[in-house]
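This note sets out several points for a colleague who is meeting the structure for the first time. Please read them with the sequence and the model at hand.

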Amino acid sequence: MSNPAIEFRAVLEAAGLIPVEIIGDGAIHRCGVAGKEKGKDGAYLLHLDNPPSGWWRNYRTGQEGTWTARNDQPVTPEERRRLQARIESDKAKRVQDATRKHAQAGQKAKQLLAGCALATKDHPYLSRKGVTFVEGIKLARDGRLVLPVYDATGDVMSVQFIANDGLKRFLTGGRTKGGYFPIEGSEGPLYIAEGFATAASIHAATASTVFVAFNAGNLEAVAAMARAKHPQREIVLCVDDDREQKDNPGLTKGVKAAQQIRGLVAFPTFADRRSGNDFNDLALAEGLDVVRVQLAKARAPDSTSPASVLPHGFEERKGGIFFLAENKDGDITPEWVCSSLRVLALTRDADNQEWGRLLEVVDPDGAAHKWALPMSMLSGNGETYRAHLLSLGLRLVPGGKGNNRLHMLLSLARPELRARCASRIGWFGARFVLPEGAIGEDQGEEIILQGVSGDNPFRVSGSIDDWRREIGAYCVGNSRLILSVSLALAAPLLFLTNSESGGFHLVAGSSLGKTTALAVAGSVCGGGGLNGYIRQWRVTSNGLEAVAAAHCDTLLCLDELSQVAAREAGEAAYMLANGTGKARANRKGEGRKPAAWRILFLSTGEISLADKVREDANGRVAAGQTVRVVDIPADASAGFGLFETLHGFPDGGSFSRHLKEASQRFYGAPLRAFLEHVAAHLDTVPGAILAFMRNFSERHCPHGVDGQVRRVLWRFAMTAAAGELGASIGVLPWPKGEAENAALVCFQAWLMERGGLGALETQTAISQVRAFIETHGASRFQDLHGEDGQRIVNRAGFRQTVDGRLRYCFFSEAFKREVCAGLSVATVCKALLERGLLVSESTRHTLTVRTPEGRMKCYVVTSAVMSGDGGDSEDIPEDAKHSLSPSTTLREGTAGTDPRERAARPRCPQLQNEPRGQRNTHDFAPVPTVPIVPAKNGDSKMTSFMAENG
């Protein structure tokens, strides 16, 4: 005969109750529940006389039920009547006892609250939870917090005690169903949360009213009460994601409550799913800004439910997914297939292709991982997708049977929900896709990344305020740092402005701060891992394609160009800037879709790209390479390496260490704050950015420049526009004009390093002719006026003097094959003609020369090519320098402001590292302190930027 106490325990455990022992005396006993084993959120009673029966209730989930033991002997009518009478008697007794206890507890709660002191913000529980709200909270004599539980009329029903360690208990006998604790706030959405700490974090992030429902089982009752009080108000259920518990009671109850009152649902999503379950955990892990952003994405409950639809023959039970196998006798036997695996939605791209499945895997530690599986991975033996699921923590029965059943489950599952999939990060319509989700106005469907995910560089650590204080503020006055950070914000603007990809390359010797600039720029976008956000040049061509695609519409940071082979450097630069990988064929010989991206990159190296390409004996520098990868001297010529000002640090090394260490602790928040603003103003931002760029280029383009210089200036203009926009909306703690001035300083440094304003092909052509003459001189040129019998080995032409000036007469084939190697003959001749260095008598650019062998057609170059006469100066012309803004040139050790404006501008505020009373060496307006995520229509700074550049 079965043991009724053992059977009843199994029923209780299946319902989430965890009793220490089973007492069958017909009385109500309290016990813990899953997730709160030491609490008393469960209750049961058990009768052991025939037939054994019991009742249970999980106060956390709101579920209750009855149980009657199975009996091999049929129950007699008398026993059935006795059982029914017992059930009715127990129910009436419970109601009577509860009513009496509720009334007594209500009075006791009021007396208790009247005798308690007021709570303070330094309470250990509040400090640990990062909560500062204490209005209406009391402090018991034993140090526990005391929260009143109010009914719909505002009368006290009970209290909740919260100990220092977070253990929560209600007053014995007190009624909690329908009870709540209000945190009053401003108009707008009304939020409902389970616990007090969660509610307080939501209030801190939004300043709105929040109702504390105390547990998931009470969400429906509190939501109904809130809807009755506020018929027209938007109500958002802020639920806990209890993914480690069966049926996820927090999310399930919250969705049901929202459905009943026509409300919305918001639940936290973490960069690291192990970080927690509720919005207080999210606030502690990623900051209030992230909480605010996620709450703004609250959805209708139908699009939030994580319900998984299993195909016929499969069933989800405790322990995972089971296949209901039928034997030859028709008996059904559940056979385990894998651990918990849910098919949440069908996915497809914007063209209704690339279909897939949105899966959720729960690993052995209870952490949930979402992954969008492309259905194309199910072709063949499916080894690739199984390997990825196993890496996420899925446990699968070994052998072909397990593989086949998993394949069947994924192929036949048909969930009702739909989601859009993106093959890479970046803009997807009006939303920006990152690994953790999409930023921008919800279009009605979730947008997710699909495919096998690699390392995620877009992690977040710390708040935007942390980054502004410890990193952003120290960029002020340092042109290379300002340019690097602005470049990080410029990358998402490529698509919006239809601009081409490309990058900047910081060139300098070792230990001048190049990698520091990379670390600071990378901290705008993300970090974490061993190398943070920085990637290395040392990578194969295929690997670089994958890295570039994984950084689409964002900044790519590449360190140390010397690590890549010389013959691959130029190809890599072209590939990154062109935005397309190599076209390849699949195993069947059919063309595969090449990888594609839009990208801005920041690179470092001890030599320039041109010098790197020349390391290869056959390497030639193309103009397109130098336009796509712009070499900027990293040394700011202020005596501090890359820096112009140290903000009170004793030397450049200590300043660099601070920035690197801060970049390892605070990262990712600036990009998200910037994208939130841009996505909220997509109707105006692109036009304003383009207007700024055109104005920048018109004001600062030197006279008489080649189109290549204009292309490079356009990139500097976009970088300046991004930095100015970031500062205007408060993401960057910089004064107005800081980013524009830094872009101009770096542009001038590039011009000086380039050595001219003309086309690079022209400069290269003349340099190549000059180099040939310098290398070979008289050894390969026969002197037409010299003595007879000259011995010239491998003769290239003749030398002659005309009107007192020397000429070099190149044989036609020698000129084409050697002098013009790697260049077009027409290009070389055109460059020489433009500077008056080529003497010709025909459109073929040759001249007939009398030689000992007779008349010959030669390419005749004057000796002025050796001295630069004809306009090929190594320095930028004075008129080009004067065409730049007066604020372009930096004063040594300063931030370079116009002296005429200096007196009218306040000084830069002192940073925490700068000694008090020490005079700053740079002049700037105060660092703005504006809200980081203001209302979409209320940002005056954004409006100002639009008005100036609209």
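**Notes on helices and salt bridges**

1. Twelve of the twelve residues of helix 12 are buried (under 20% relative accessible area, with over 50% being exposed and the range in between partly exposed; 1.4 Å probe, protein chains only), so helix 12 is largely enclosed by the rest of the structure. Among these buried residues are Ser-479, Arg-480, Leu-481 and Ala-490. Helices (H or I, at least four residues) and strands (E, at least two) are DSSP runs, numbered from the N terminus.

2. The model is predicted: local features need pLDDT of at least 70, side-chain atom pairs count only at pLDDT 80 or more, and totals for chains, interfaces and linings use all residues. Residues are numbered from 1 along each chain as its sequence is written, and side-chain values use heavy atoms, with hydrogens and water left out.

3. Helix 12 covers residues 479–490 and spans 16 Å from its first C-alpha to its last, close to the 16 Å expected at 1.5 Å a residue. The expected span is 1.5 Å times one less than the number of residues in the helix.

4. A salt bridge is a side-chain nitrogen of Lys or Arg within 4 Å of a carboxyl oxygen of Asp or Glu; by this rule the count comes to 21. One of them joins Arg-480 to Glu-644 at 3.9 Å, N to O. Arg-480 belongs to helix 12 and Glu-644 to the loop between strand 33 (629–633) and helix 19 (652–665), so the pair ties together parts that are 164 residues apart in sequence. Both Arg-480 and Glu-644 are buried.

5. Another salt bridge pairs Lys-857 with Glu-841 (3.3 Å, N to O). Lys-857 lies in strand 39 (residues 854–862) and Glu-841 in the loop between strand 37 (838–839) and strand 38 (847–851), so parts 16 residues apart in sequence are tied together. Lys-857 is partly exposed at 48% relative accessibility, and Glu-841 is partly exposed at 44%.

6. Arg-57 forms a salt bridge with Glu-64, with the closest N and O atoms 3.1 Å apart. Arg-57 is buried at 15% relative accessible area, whereas Glu-64 is partly exposed at 46%. Elsewhere, Asp-466, Arg-469 and Glu-470 are linked in a network of salt bridges.

7. The axes of helix 9 (residues 383–391) and helix 10 (residues 400–412) come within 12 Å and cross at roughly 90 degrees. Axes are lines fitted to C-alpha atoms, for helices over the stretch in contact, with angles from 0 to 180 degrees between N-to-C directions. The contact (heavy atoms within 4.5 Å) involves residues including Tyr-385 of helix 9 and Leu-406 of helix 10.
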